[in-house]
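Work through these exercises on aromatic rings. Try each task before you read its solution.

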Amino acid sequence: MSNTRLSLAAAAAVAAAALSCGGREAPTAVPFANDVWGIKLEYPADWEASAGEGAAALILEVRAPRGTKTAGAGVSVVGALSGAPLEVAASSLERKIAGARGVVAADVAVGGRPGRAFEYWATRDGERVWTRALVVRGNARYYFITFAAYEGQREAARPYFDAVERSVEIY
């Protein structure tokens with residue numbers, strides 16, 4: 001499938017996810033690219049985004065808007081330069097989340113690149129937070145993509161997160 005067809009499919013998935021959340025009209029997908037880090041993705045247009053500049057480790061942070069079923073849910077993308085094998089980068093993240101409950105790990109492919117996904121529950125300010133953290137290997141770099149939502153938002157936010165994850169391209 002061509003990159004254009006993949007991008008169109010990802011945009012359609014983001015729009016479809018939006019329709020299922022709160023009965024609001026589907027927002028358009030906003031394309032994002034950081035050529036320094038070699039990553040592209042799409043996120044819902046009504047979400048608030050903040051991008052890092054150039055080679056800053058924080059590549060992108062996106063949050064659901066207030067007044068919605070997903071308010072406070074978010075996605076962050078962080079980059080790290082490293083030639084280490086995937087197992088090393090993944091085990092580093094796994095050690096950081098060792099205290100979390102219900103950690104489930106799996107091998108994944110994101111944007112055609114090998115990765116490792118971790119899903120777990122943590123506590124933030126006394127509330128349970130569901131997190132899906134991805135470690136994805138690029139060319140001499142890693143991407144840490146994190147999706148997080150409070151417990152009551154998980155089901156409403158998951159379609160958005162899935163659409164963003166499917167839209168990721170690493171080059």
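**Exercise 1.** How many aromatic pairs does the structure hold?

*Solution.* The structure holds 5 aromatic pairs. Rings of Phe, Tyr and Trp (its six-membered ring) pair if their centres lie within 6.5 Å; planes under 30 degrees apart are stacked, over 60 edge-to-face, the rest tilted. The model is predicted: local features need pLDDT of at least 70, side-chain atom pairs count only at pLDDT 80 or more, and totals for chains, interfaces and linings use all residues. Residues are numbered from 1 along each chain as its sequence is written, and side-chain values use heavy atoms, without hydrogens and water.

**Exercise 2.** Classify the pair of Trp37 and Tyr143.

*Solution.* Start with the rings: the centres are 6.5 Å apart and the planes stand at 70°, so the pair is edge-to-face. Next, place the residues. Trp37 is in the loop between strand 1 (29-34) and strand 2 (39-44), and Tyr143 is in strand 9 (residues 141-150). They are 106 residues apart. Strands (E, at least two residues) and helices (H or I, at least four) are DSSP runs, numbered from the N terminus.

**Exercise 3.** Describe the pair of Trp130 and Phe161.

*Solution.* The centres are 6.1 Å apart, with 15° between the planes. This pair is stacked. Trp130 belongs to strand 8 (residues 127-137), Phe161 to helix 3 (residues 154-167). The two are 31 residues apart. Ring pairs also link Trp130 and Phe161 with Trp47, Phe147 and Tyr160 into a cluster.

**Exercise 4.** Which ring does the charged end of Arg128 sit over?

*Solution.* The charged end of Arg128 sits over the ring of Trp121, 4.1 Å from its centre. The cut-offs: NZ of Lys or CZ of Arg within 6 Å of the ring centre and within 35 degrees of the ring normal.
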